[in-house]
Amino acid sequence: MDLKSIHDVFTSRILRIPSYQRGYSWSNSETGDNVKADNLKKMKGELIDLWNDIINIPEGKWHYTGLLTLVEVKDCEYQWLPRYKQFAIVDGQQRITSILILITVMVEKAKKLGKEFGIREGDTTIRYLHIEKDGLYAYIFGYDQDNPSDKFFRQHILGLDVVEDDSRESVYTENLKNAKSFFEKMVSQYLKDSDNEEQSLQELFDRVTGNLRFNEYILPEDLDEYVVFETMNNRGKPLSELEKLKNRLMYLSDKFQVKSEDSENSSLSENFTIAQKQDLISSINKGWITIYQALGANKESPLSDNNFIKAHWITYFDRYNRSESNAHAIHLFNEYFTLERVYDSSLTANHIRHYVKSLQSCAVIWNKIHHPRFFEAHENNIKLSILGLHRVGFQASFKPLVLAALSQNNASDYLPMIEALENYAFKVFDVSDRLSHTGNSRLYRRAPRVYYSNISAKDAYNEIQNQTKDYYVFLFFKNQMQNIHEARGSKGFYGWSGIHYFLFEYDSSLRAKNLTSTQASKLNWQDFKGKNTIEHIYPQSAALSYDQYCKGEDTPEKKSDYQKIQQKWSAFEDYTSDQRSRLCNSLGNLLAISHSDNASFSNDQFEHKVDQLNKGSSYKARGYRYDSMSAQIVASRYPNWTPETIKERGISMLKALLTMIDEDQDRLSEEEALVLLGLEFMSTNNVQQLVEEN
């Protein structure tokens, strides 16, 4: 075992992270402002583990840090450094990168203190960071030059290249930035707790560079670094399928036979020139740059590599089989992209090039359909259709089909199909209450037909419409509502899976009907769904029985509060607590509002909910009158809120729902409508009986 310190590892060496490697992925459970001294013990992650390993090394001891596998690169980037050898890091790059970031932080801290770690000024910089000679720069550690992390690392970690920076950020560059921020905070805290900052910083530097030991292994020439990389990275933090796929494609590209200069053989494999091989490898690198940037474009919510690879596989290969677990990975790695297929010429360079190009372009679309804000201005109609899918619930089975449609040159022709998918989701899953995997196989198998233009946009739309008819059953909706209302502790329509979508679309239809474009009254879907701003006009607290309201605290104060609430809603006093609960959670009592602060007056009487100014001039102009279109109509149409108004509005909204699901508004009798609303006790006969009893 050849154990080497960081000092040894960096002696007269140029270290590079090759392009087939994954980006920097080490992180912690907390980042940014959440990294505080009082929560370090609770923090989880590779960075905090490394830091704890370093500061807990006993004096005079060393710490085994892991395996470092290198392969020598014959052609060094810097011919003007003849004593230096260049190595590619096959395994151990995450640790080495993290340690180098920590060294950079310590060097910056030393400069602020006017301290130098080495014997001569600049020794540490020359050994670990960079060498400058006659206007030339040699970077001791970094990424292959075509990796977008390379320039980012130089500017944001090393503090160089501050003038020119065309680097683009990704999930990996964000990890680099977070790692440096973490170590800056740890080093600052470490020095703050010491009596002598300069001495403590030197001790920390010595621990890092001298007491961390790697088991260094340099690959012999007869071992293939691509194979070693894929094999070794099946342990530790696993590679994503996307990371493994890049390595596999580069490995296979390296195995295509290159035509010798005097060869007259014109077979596909031997007609492959060195320039073509280099171009293929370059196209893979460039493709992955785009893919990583697309999947990590939204830093707050980066997209899963594996989900993208699977969706693209369904779209590209037309081999979906729900009976086979992990079928996409088995096909990609064990059947399609294999060395045997390169050798028998069934897999060519053109196959790889075409696949990478497809993967690259689809990654950009994949980001847009998950984060619609990335659609460009001329794609606004597509964006609106995708937003509809997000509101109703963007099923995994829809995504390959949408990906295929938006890959077409005539993508806008597929808007009716995308809108049909939205209708399908609502009618099949929310209305008919079908299981979430209903119809999945048919949708998945349709994706490659669209991708390869084996079906027209019109036919794709018709097929979705027909599939909707196959699975949509209105009777299932009636049964679902009956079960919801009768279940113990039921929340009625308030607990229905489709309630947010319906109320939002209902409000939008009212805006269109009333020709309103005022932005102040427009619902924002993210706020409406995320903050759950569905208002119970007749409040939930008023619908409770006295025992439910008190929750075992039967005090005079509780009793007084309960009586005050009941007085505000005296129109409901003749109904049982179960009936009041039904009224409270019935469709006609639910209101989509845009301002979550309306919760502050949720227990107010109706006229105060309509307008807080009705309480007095000292109150702000808030309430239904200033809110969504639905709320404004309630405020203007109903002077009082009673069980009858809940019934009336509920029947009206139910008719709107019937229109949304392509049913005749007169399909239901009033008795049937009241059963659906959970208000069968409000039928004419039952109300008459209630009047006679009182």
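In helix α16, the residues K399, P400, L401, V402, L403, A404, A405 and L406 are buried, where buried means under 20% relative accessible area, exposed means over 50% and partly exposed lies in between (1.4 Å probe, protein chains only). That is eight of the eight residues of α16, which runs over residues 399–406 and is mostly covered. Helices here (H or I, at least four residues) and strands (E, at least two) are DSSP runs, numbered from the N terminus. The buried residues of α16 pack against α11 (305–317), α14 (349–370), α15 (380–392), α17 (415–431), α18 (440–451) and α19 (457–471).

A word on the source: this is a predicted model, in which local features need pLDDT of at least 70 and side-chain atom pairs count only at pLDDT 80 or more, while totals for chains, interfaces and linings use all residues. Residues are numbered from 1 along each chain as its sequence is written, and side-chain values use heavy atoms, with hydrogens and water left out.

**The chain as a whole**

The protein chain holds 31 helices and ten strands. Its C-alpha trace spans about 105 × 75 × 40 Å along the principal axes. Of its 694 residues, 51% count as buried. The accessible surface comes to about 33600 Å², and 45% of that belongs to carbon and sulfur atoms; areas come from the Shrake-Rupley method with a 1.4 Å probe, and for residues only the protein chains shown count as cover. Contact means heavy atoms within 4.5 Å. Among contacts between residues at least 6 apart in sequence, 71% join residues at least 24 apart.

T438 sits in the loop between α17 and α18. This threonine counts as buried because its relative accessibility is 11%. Leaving aside neighbours within four places in sequence, T438 touches Y424, V428, F429 and Y471. In the loop between α18 and α19 you will find S453, a residue other than glycine whose phi is positive, near 55°. D134 also has a positive phi, about 50°, although it is not a glycine. D134 lies in the loop between β5 (130–133) and β6 (136–139) and is exposed, with a relative accessible area of 76%.

**Salt bridges**

A salt bridge is a side-chain nitrogen of Lys or Arg within 4 Å of a carboxyl oxygen of Asp or Glu. By this rule the count comes to 22. The table shows some of them.

| Pair | Closest N and O atoms |
|---|---|
| K180 and E108 | 2.8 Å |
| E174 and K299 | 3.5 Å |
| R449 and E463 | 2.9 Å |

K180 forms its salt bridge with E108. K180 lies in helix α6 (residues 171–192) and E108 in helix α3 (residues 93–113), so the pair ties together parts that are 72 residues apart in sequence. K180 is buried, at 9% relative accessible area, whereas E108 is partly exposed, at 27%.

E174 forms a salt bridge with K299. That pair links distant parts of the chain, with E174 in helix α6 and K299 in the loop between α10 (274–295) and α11, 125 residues apart. K299 is partly exposed, with a relative accessible area of 37%.

R449 forms a salt bridge with E463. R449 lies in helix α18 and E463 in helix α19, so this pair ties together parts 14 residues apart in sequence. R449 is partly exposed at 31% relative accessible area, and E463 is partly exposed at 21%. Elsewhere, salt bridges that share partners join K4, R13 and E216 into one network.

**Aromatic rings**

Rings of Phe, Tyr and Trp (its six-membered ring) pair if their centres lie within 6.5 Å; planes under 30 degrees apart count as stacked, over 60 as edge-to-face and the rest as tilted. The structure holds 41 aromatic pairs. One of them is the tilted pair of Y549 and Y562, 5.3 Å centre to centre with 50° between the planes. This pair links distant parts of the chain, with Y549 in helix α24 (residues 546–550) and Y562 in helix α25 (residues 556–568), 13 residues apart. Both Y549 and Y562 are buried.

Ring pairs also link Y316, F317, Y336, F337, Y355, Y451 and Y452 into a cluster. A charge sits over a ring if NZ of Lys or CZ of Arg is within 6 Å of the ring centre and within 35 degrees of the ring normal. R341 lies over the face of Y336, at 4.5 Å from the ring centre, and R13 lies over the face of F87, at 4.7 Å.
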